[in-house]
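Hi there,

I'm handing over the structure we talked about, so please have it open while you read.

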Amino acid sequence: MNDSSTRTMIYKRTESGSEYALGYIDGEGRICRLRWDEGIPVGRVTADGRVFRKTAHDERELGAFTADGAVRSHGLFEGGELGWVDPDGVVNRGGLILGEEEVGRVEGPAQAAAAAALLLLFLPDEAEQNRRSQ
């Protein structure tokens with residue numbers, strides 16, 4: 001069953017304080033990016049709390065999340081605690097090096113997984129696009 005009731009929506013917070021929908025996780029664990037109101041699969045989450053990104057020929061593990069909402073990166077240089085989701089769905093980025101910052105919100109049954117997708121996949125992709133456009 002893949003209707004909107006099984007989706008967990010992922011929203012990014014802007015500098016002005018507004019938000020917009022980036023994507024969602026469906027009931028089967030697929031991470032989808034919203035493009036023209038359609039979901040384009042870009043990765044997946046597993047039942048044991050791992051996050052994977054689709055690549056051209058395979059997939060790559062980005063990090064993991066816990067049932068209580070903590071997100072951890074497997075990145076070579078930025079590995080470690082990356083952030084968490086509050087019980088109300090607010091996603092915070094922060095760790096030992098980074099200061100705490102509210103970066104988005106998730107809404108639906110898989111909040112920890114959606115927070116991990118925001119922190120591990122969507123935000124790094126946007127940061128990379130911004131670097132390329134400058």
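Below is what turned up, starting with the charged side chains and ending with the backbone.

Please keep in mind that this is a predicted model.

**Salt bridges**

Side chains of opposite charge can pair when their charged atoms come close. A search of the whole structure gives 15 salt bridges, and here are some of them.

Let me begin with Arg44, whose side chain meets that of Glu59 in a salt bridge with an N to O distance of 2.6 Å. Arg44 belongs to strand S4 and Glu59 to strand S6 (residues 59-65), so this pair ties together parts that are 15 residues apart in sequence. Arg44 counts as partly exposed, at 32% relative accessibility, and Glu59 is partly exposed too, with a relative accessible area of 29%. Arg44 also has an aromatic contact: its charged end sits over the ring of Phe52, 4.4 Å from the ring centre.

Together with Glu19 and Glu107, Arg105 is part of a network of salt bridges. The charged end of Arg105 also sits over the ring of Tyr11, at 4.3 Å from its centre.

Next comes Arg30, which forms a salt bridge with Asp26; their closest N and O atoms are 2.8 Å apart. Is Asp26 buried or exposed? Asp26 counts as buried, at 5% relative accessibility, because buried means under 20% relative accessible area.

In helix H1 (residues 111-133), Arg132 and Glu128 are four residues apart, which means about one helical turn separates them. These two form a salt bridge, with 3.1 Å between the closest N and O atoms. Arg132 is exposed, at a relative accessible area of 66%, whereas Glu128 counts as partly exposed at 30%.

**Aromatic rings**

How many aromatic pairs are there? The count comes to zero, where a pair would need ring centres within 6.5 Å.

**Strands and a hairpin**

Strand S8 (residues 80-85) has a pairing with strand S7 (residues 70-73), which is antiparallel and runs over four bridges. Within that pairing, Ala70 stands opposite Trp84 of S8. S8 also pairs with strand S9 (residues 90-93), again in the antiparallel sense, over three bridges. Here Val85 has Val91 in S9 as its bridge partner. S8 and S9 form a hairpin with four residues between them, and Gly89 in the turn has a positive phi of about 95°.

**Two backbone angles to look at**

Most residues other than glycine have a negative phi. Trp36 is exposed, with a relative accessible area of 79%, and Asp37 is exposed at 76%.

Best wishes

Key:
Residues are numbered from 1 along each chain as its sequence is written. This is a predicted model: local features need pLDDT of at least 70, side-chain atom pairs count only at pLDDT 80 or more; totals for chains, interfaces and linings use all residues. Side-chain values use heavy atoms; hydrogens and water are left out. Buried means under 20% relative accessible area, exposed over 50%, partly exposed in between (1.4 Å probe, protein chains only). Rings of Phe, Tyr and Trp (its six-membered ring) pair if their centres lie within 6.5 Å; planes under 30 degrees apart count as stacked, over 60 as edge-to-face and the rest as tilted. A charge sits over a ring if NZ of Lys or CZ of Arg is within 6 Å of the ring centre and within 35 degrees of the ring normal. A salt bridge is a side-chain nitrogen of Lys or Arg within 4 Å of a carboxyl oxygen of Asp or Glu. Helices (H or I, at least four residues) and strands (E, at least two) are DSSP runs, numbered from the N terminus. Two strands pair if DSSP finds at least two bridges between them.
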